[in-house]
Amino acid sequence: MKGLCILGATGSIGVSTLDVAARHAHLYNIVALTANNNIDLLYEQCLEHHPEYVVVVDESKALLFKEKLKDSPISDINVLSGVLSLEYVATLDNVDSVMAAIVGAAGLLPTLAAAKAGKTILLANKEALVMSGDIFMQAVAESGAHLLPIDSEHNAIFQCMPAGYKSGTHTKQARRILLTASGGPFREMPLDQMANVTPDQAVAHPNWDMGRKISVDSATMMNKGLEMIEACILFAMKPDQIQVVIHPQSVIHSMVDYVDGTVLAQMGNPDMRVPIAYSMAWPDRFDSGVEPLNIFDVRRMDFQEPNLERFPCLRLAYEAINKAGIMPTVLNAANEIAVDAFLNEQVRFTDIPVIIERCMEKFDVKPANSLDIILEADQQARMVSKQIISELNH
Ligand code: NAD
Ligand code: MG
């Protein structure tokens, strides 16, 4: 049996991971589940999966959770709290695989700790990789960890790579990556209406059911920008080798274009249990619970080049990766603050790229060659972005 730790068990990816694990319960021992504060869902998950450990990051919620466990059939579960406990459970000896499914920069330290400890990393938390790029890949290479992408596009690309492909290595026969994007809910909205979209409209994605932050990122296409950077890091490619392709049907999840003219695509229904099951079973395959793709229902597939005027966040992501160093960290931090402000109705949808661009202008490019430099750039960019938001609102 494989020992599994799920960082971010109560989120959209966490829930799908437990769904897949439950279909193959004889193969998985759920060692640890973590949550930020959703203790009601965590309790249900504990009743079903009975982990050895849980981490509730929020201390007061952790106390409430301990109360809840008393006199329950699962009172033997060890309840920890605080951010350091995330690193502790991600590196336990009996953990083989870590699903990194915390949203945002908060997932960086535990995911990096798991990489250093040589665990098999199932990486959903793209923000952690965008921030730490080379350092993360170095930790993976040094420890001999396996790194399997969960993001559907990167999972598709991984599947289209030559047999035995290892994340972080360059495949010279692969000329380009075609990174597909649905274009989100505002792909065709008149540009002058974009300023007035509400958080509820932005999180209503046409094809995928996801957490709120990534749903807004999909609407601005910052998600594709982060994914373009993620692809450069995971597949050792240059930014100009990654072509973003709008494909509204979300049937093809990305493609690899080889030097001989072959283009390999991975297809499937848009359900995250497909890439999750692939990575959990790797190098084998097993049932994910997802309906087979009915190719006759697909009928047609469309492909368009993205419009950078409509989606300035994508342009900013190319700018950040071309400048390199700390700039992807700054981009990510500014985006997290801007999206949070939009979800709390403090700024408009169209302010998101404005905040990010102004924030990036305030930073000089510095090499991101230590974790301290990365964490400091992240903190500073958060402060600068909050300042920009308060100026916007005057
Ligand atoms: P979500 O908001 O549904 O869940 C986030 C999880 O992280 C929750 O379990 C929450 O408790 C935990 N969390 C949040 N803040 C935390 C903090 N400060 N400290 C510790 N834990 C915290 O998000 P999601 O949609 O499941 O996405 C998770 C990650 O996977 C993101 O990085 C996202 O980009 C990536 N991803 C998601 C999808 C998807 O379909 N949902 C697809 C591809 C990639
Ligand atoms: Mg994706």
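**Figure 1. The loop around serine 250 in the predicted model.** Serine 250 is found in the loop that runs between β9 and β10, in a structure that is a predicted model throughout. Its phi is near 50 degrees, a positive value in a residue other than glycine; most residues other than glycine have a negative phi. With a relative accessible area of 6%, serine 250 falls under the 20% limit and is therefore buried.

**Figure 2. The open sheet that contains strands β8 to β11.** Four strands form this open sheet, in the order β9-β8-β10-β11, and their pairing is mixed. The edges are taken by β9 (242-246) and β11 (263-267), and because each has a single partner strand, one side of each is left without a neighbour in the sheet. On average, and with direction ignored, neighbouring strands are turned by 20 degrees against each other. Strand β8 (residues 174-181) pairs with β9 in the parallel sense over 5 bridges, and leucine 179 stands opposite valine 244 in β9. The pairing of β8 with β10 is antiparallel and consists of 4 bridges, with isoleucine 177 standing opposite valine 256 in β10.

**Figure 3. Strand β10 and its hairpin with β11.** The strands β10 and β11 pair in the antiparallel sense over 5 bridges, and serine 254 has glutamine 266 in β11 as its bridge partner. Together β10 and β11 form a hairpin with 4 residues between them, and in the turn glycine 261 has a positive phi of about 95 degrees. Since 7 of the 7 residues of β10 are buried, this strand is largely enclosed by the rest of the structure.

**Figure 4. Helix α7 and the elements that cover it.** Helix α7 (residues 152-160) lies across β8, β10 (252-258) and β11, and runs at about 40 degrees to β10. The helix is mostly covered, with 8 of its 9 residues buried; these buried residues are Ser152, Glu153, His154, Asn155, Ala156, Ile157, Phe158 and Cys160. What covers the buried residues of α7 includes the strands β7, β8, β10 and β11, together with the helices α10 and α11 (273-281).

**Figure 5. The magnesium ion (ligand 2) and its donor residues.** The magnesium ion (ligand 2) is coordinated by Asp151 (OD), Glu153 (OE) and Glu227 (OE), at 2.1 Å. In sequence, these donor residues follow the spacing D-x1-E-x73-E. Aspartate 151, in the loop between β7 (147-149) and α7, and glutamate 227, in helix α10 (residues 222-234), are 76 residues apart, and this pair links distant parts of the chain. Aspartate 151 counts as buried at 7% relative accessibility, and glutamate 227 is likewise buried, with a relative accessible area of 1%.

**Figure 6. The nonpolar core, seen from phenylalanine 65.** The largest nonpolar core has 132 residues, and those with the most contacts inside it are Phe65, Phe235, Leu331, Phe349 and Ile356. Helix α14 (residues 327-343) supplies the largest share of this core, 11 residues. When its neighbours within four places in sequence are left aside, phenylalanine 65 is in contact with Ile39, Leu42, Tyr43, Cys46, Val54, Val56 and Val79.

**Figure 7. Valine 216 in helix α9.** Valine 216 lies in helix α9 (residues 212-220) and counts as buried, at 0% relative accessibility. Apart from its neighbours within four places in sequence, valine 216 is in contact with Ala202, Val203, Val339, Phe342, Leu343 and Ile352. Serine 167 is 49 residues from valine 216 along the chain, and the C-alpha atoms of the two residues are separated by 28 Å.

Figure 8. Serine 72 is found in the loop between α3 (59-69) and β4 (78-81), where it is buried with a relative accessible area of 11%. A polar atom of the serine 72 side chain lies 2.6 Å from the backbone oxygen of leucine 69. Proline 283, in the loop between α11 and α12 (295-298), is joined to tryptophan 282 by a cis peptide bond with an omega of about 5 degrees. Glutamate 345 lies in the loop between α14 and α15 (351-361) and has a phi near 60 degrees, a positive value in a residue other than glycine. At 66% relative accessibility, glutamate 345 counts as exposed.

Definitions and conventions
Residues numbered from 1 in each chain as written. Chains lettered and ligands numbered in written order. Predicted model: local features only at pLDDT ≥ 70, side-chain atom pairs only at ≥ 80, totals over all residues. Heavy atoms only, no water. Core = buried A, V, L, I, M, F, W, Y, C linked by side-chain atoms within 4.5 Å. Buried < 20%, exposed > 50% of the residue type's maximum accessible area, 1.4 Å probe, protein only. Helix = DSSP H or I, 4+ residues; strand = E, 2+ residues; numbered from the N terminus. Contact = heavy atoms within 4.5 Å. Pairing = 2+ DSSP bridges. Axes fitted to C-alpha atoms, helices over the stretch in contact; angles between N-to-C directions. Donors = N, O, S within 2.8 Å, 3.2 Å for Na, K, Ca; no water. Polar contact = N/O pair within 3.5 Å; in protein donor to acceptor, adjacent residues only side chain to side chain.
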